[in-house]
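I opened this notebook page to look up charged and aromatic side-chain contacts. The entries are kept in the order in which I went through them.

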Amino acid sequence: MATSDNEEDGLDHILEPLSFPEQPGTGPDVPSPHCLGPQWPSGETLVCLFCSKLLPVTKKDALLKHLLLEHKLVIADVKLIADLPKYLAHWKGRFLEQPITDFCSVIKTNSTGPVEQQEHYFLLCDVLPEDRTLREKLQQKRLEEVLEQQQKEREDCSFHRICMFCNDEFTGNRSSLLNHMAREHSFSIGLPDNIVYCEELLDMLQSKVDNLQCLYCEKTFRDKTTLRDHMRKKAHRRINANNHQYDRFYVINYLELGKTWEEVQSEDDRELVDDEDDDWSDWRSHPVSVVCLFCDHQSETMEQIYTHMKEIHGFDLHQLRAQLNLRFYQQVKLVNFIRRQIHQNRCYACHDKFRSRGDVLRHIVDNGHVMKLPPVSTWNQPQYYFPTYENDALLCTLSDSDGDQSDETNQEDVPIIAEDIMDLRLVKQKSILNQLLKNPTASH
């Protein structure tokens, strides 16, 4: 059954990048890479930059949604802000002193539509020197706090704890217990001098063991004997490196703004890698999984996925490309548009909204909408340059039909974002960000 577009306003907004599972159906869910979350004191509150709304730090996503929907503001790379409460407090004060347009890039939505359907959004990011300086200052302060905490733990002689694997009791310095677990139980969480918030880390590990959970694969067992035998036989005597809840306990994760220990470590090894011969003989490429536009089917080649969509769903992307004479970036926008509509349970042809993906797919088939597209102006919008799913491999298989046409007059205006921009006012005037977003109400 189709639903009203006005129902539960705001649900169509995608507030963060979507991502296809790399290997569907395998392994536990873990936080995405690079998600070393800042650990703010639970007693602090997050303030809205424009109104009196206050939320606890645990409601960060709710505040970001409020800023987007109510005040049209987007804060870039929130996950890289070391102290979000102080960051918000700073900008709340600055916005009281000067207009928001002095600090933010202005994004005009639905730039090709009627004026009354256009809206302006604001982007606050570290392209602004003041914002970059603030982020670096907060990062530096957090690093200093972490190093101070680590030094206290290294010098602390009041440590007291019982080994989680045996009944041995340890007092004095934390290193005695950590070295014992590594030596006697072959369980190492790293060198003591690399660890911070050690008590919290040990509490987390103890809780998992008490709940009969393997510390590596994180499966749960019926009793301690079975768990112990499993960890011994499977050599699961280490923590799960893919569980990024552990990141905050290792000092290396605080060293550089927005970088995890893997990135820092890879930079340290670059000189060694550059000096070695370029021997790629043992290279093993991973197969690419291309996901169907309509269902969860995945294929490893473009031929297979195109054949699947044509035979199972009646959708022929090659035919559409030929009929509409679509150039490469037009194909990109079309695919991203269809992905977005299907994700939102909306028919891309008639824009009717449904309660589930199954309902919208049945509607598309029953009404012959599979190969029916809306007017080109609906999907040929700048916002669809950006993938609905950030790891959408289908975009890599599209045919570059205009690849041999070098005439610049035949090429589209592709957005190019500079890495280092010095004149912010010039950016505001000429930035592609001025046309990126589409008015959320335009398709209603």
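The entries below go from salt bridges to aromatic rings and then to charges over rings.

Entry 1, ground rules. I am working with a predicted model, in which local features need pLDDT of at least 70 and side-chain atom pairs count only at pLDDT 80 or more, while totals for chains, interfaces and linings use all residues. Residues are numbered from 1 along each chain as its sequence is written, and side-chain values use heavy atoms, with hydrogens and water left out.

I looked up aspartate 131 and arginine 135, whose side chains form a salt bridge at 2.5 Å, N to O. The two are four residues apart in helix 3 (residues 129-155), about one helical turn; helices here are DSSP runs of H or I with at least four residues, strands are runs of E with at least two, and both are numbered from the N terminus. For burial I used relative accessible area, with buried under 20%, exposed over 50% and partly exposed in between (1.4 Å probe, protein chains only). Aspartate 131 is buried at 0%, and arginine 135 is buried at 3%.

Entry 3, a second bridge. Glutamate 97 and arginine 94 meet in a salt bridge of 2.6 Å, N to O, and both lie in helix 2 (residues 84-97), three residues apart. Glutamate 97 is exposed at 57%, whereas arginine 94 is buried at 17%. I also noted that Arg94, Glu97 and Glu130 are linked in a network of salt bridges.

Rings of Phe, Tyr and Trp (its six-membered ring) pair if their centres lie within 6.5 Å, and planes under 30 degrees apart count as stacked, over 60 as edge-to-face and the rest as tilted. My search of the whole structure gave 10 aromatic pairs. Among them, tryptophan 91 and phenylalanine 103 are edge-to-face, 5.2 Å centre to centre with 65° between the planes. Tryptophan 91 is in helix 2 and phenylalanine 103 in the loop between helix 2 and strand 5 (105-108), and both residues are buried. Phe50, Trp91, Phe95 and Phe103 form one aromatic cluster.

I required NZ of Lys or CZ of Arg within 6 Å of the ring centre and within 35 degrees of the ring normal. Arginine 248 lies over the face of tyrosine 197, 4.6 Å from the ring centre, and lysine 333 lies over that of tyrosine 385, at 4.7 Å.

Methods
Salt bridge = Lys/Arg side-chain N within 4 Å of Asp/Glu carboxyl O.
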